[in-house]
Amino acid sequence: MDGVIVVDKPSGWTSHDVVGKMRRLAGMRKIGHLGTLDPSATGVLPLVLGRATRLAQFFTRDDKLYEGVIHFGSSTDSYDADGEPTSPEVAVTLDREALDKALDGFRGEILQTPPPVSAKKIGGRPAYELARKNQPVVLAPVRVKVEQLEILSIDGCEARVRVQCAAGTYVRGLAHDVGQVMGCGAFLRDLRRLSSGDFRIEQARTIDQLTILAAEGRLESALIPAVELLPEFPSEQVDLVTMGRIRNGRDFRVSPFHRAGDARFVKAISPHGELIAVGEARLPLVYHPVLVL
C-alpha cells in the first residue's frame, strides 16, 4: 500500500479525522495528507500511504479548484456558515454585472488577510483560539494568486462561483471580502474542492466506499500506485544491477533515447514496474538517487 488514495472528504470531518479513519481502514500508521481542507468543506483530499509519504516533498504543484456558494446579506466571524453572525441579515438581490465587477478586484495576485478563525499562528497559538476567546486577532496580509473567479449562477442573494487558486488562498476570505466591497456582507455557505494539484474529484472515493472496500479486502483498488505519481517526472526503467547501485546511493545513467533529456528529476522503475527511487540530474544523462523507496 504505497501510493495515494484520493478521499471525497465529507462535511464536518477535519483532515486529521480522515487520516485517522484511513489508518484504521488500512491497518497502517504511515499515512498523511497533501494539504488540509476546512471541516465544513467537501471534496478532494489526497492521502499518501506507506513509503509514498516520502514523496511529499516533490508535490510542488499547488493549484486548487473549488466550487462554492456565497451568501450575501450578512457576515460571520469565521467567514463561513459555521461562524457566529457579525452583522444583521439584510435583503439582497444580486446583480450579475455589479457582482462580476466586484469580483474583478480579487482576480490575479492579491493581498489577502487570513480569517481570524483560522490555523494561522499568532505568538505560537492558532488564531482561532484567540478569536474564540474574544481576544484581538491581528494577522498580516499574505500575497495569494487567484487564477479564476467565475460566477456560475445567481439565485436571489446567493451566487455559485468557481475558484481556481494557489495554495494558501482562503476561499471563505474571498467571500467575506467581496461582501465588504458590495456593502452588504457575505459568507461562504458551501464549498467543494474539485481538484488539488494532480488529483481530481473523479478519482475520489467516499468514506463509505472506502469502508466497504476495506471490509472486502479490496482497499488497494482505490490506490494510485507510487509509480503513477509525479507524472511530470520522466520514468527510466533500470535493470537489477542498476537497482543495486541505486540502493547503495550510487549514480545511475539513463538512456539517451528516452524522454528524460535534461529533466531535473527522473523516476527509476524496477523491471517489475515498481518505483524504487527519484534521481536528480548531476551530469548529462547521469542521475543521483536523492530518494530511495
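I began with burial: I call a residue buried under 20% relative accessible area, exposed over 50%, and partly exposed in between, using a 1.4 Å probe and protein chains only. Helices (H or I, at least four residues) and strands (E, at least two) are DSSP runs, numbered from the N terminus.

A note on the source: this is a predicted model, where local features need pLDDT of at least 70 and side-chain atom pairs count only at pLDDT 80 or more, while totals for chains, interfaces and linings use all residues. Residues are numbered from 1 along each chain as its sequence is written, and side-chain values use heavy atoms, with hydrogens and water left out.

**Helix H5**

Which residues of helix H5 are buried? In H5 (residues 207–215) I found Ile 207, Leu 210 and Leu 213. Looking down the axis of H5, I see these buried residues fall within an arc of 125°, so they line one face of the helix. The arc is that of the directions from the helix axis to the C-beta atoms. On the face of H5 turned away from the buried side I noted the exposed residues Asp 208 and Ala 215. The cover over the buried residues includes strand E1 (3–9) and helix H1 (15–26); contact here means heavy atoms within 4.5 Å. After H5 comes Gly 217, with a positive phi near 70°.

I looked up Pro 46 next and found it in strand E3 (residues 42–49). Pro 46 counts as buried because its relative accessible area is 1%. Leaving aside neighbours within four places in sequence, its contacts include Val 4, Ile 5, Val 6, Arg 193 and Phe 199.

Asp 190 sits in strand E10 (residues 186–196). Is Asp 190 buried or partly exposed? At 30% relative accessibility, Asp 190 is partly exposed. Not counting residues up to four places away in sequence, Asp 190 touches Glu 67, Gly 68, Val 69 and Arg 160.

**Cysteines**

I counted 0 disulfides, a disulfide being a pair of cysteine sulfur atoms within 2.5 Å. Cys 184 is buried at 15% relative accessible area, and Cys 165 is buried at 1%.

**Cavity and pocket**

For these I used a 1 Å grid over the protein atoms alone: a cavity is a set of points where a 1.4 Å probe fits but cannot get out, a pocket is an open set with protein on both sides within 12 Å along at least five of seven lines, and lining residues have an atom within 4 Å of a point. Grid points are joined across faces, edges and corners, and a volume is the space filled by probe spheres set on the points.

My search of the whole structure gave 1 cavity of 30 Å³ or more. Its lining includes Ile 70, Leu 149 and Val 161. H4 gives the largest share, 3 residues. The lining has 8 nonpolar, no polar and no charged residues; Ala, Val, Leu, Ile, Met, Phe, Trp, Tyr, Cys and Pro count as nonpolar, Asp, Glu, Lys and Arg as charged, and the others, Gly among them, as polar.

The second largest pocket holds about 260 Å³. Its lining divides into 9 nonpolar, 2 polar and 5 charged residues.
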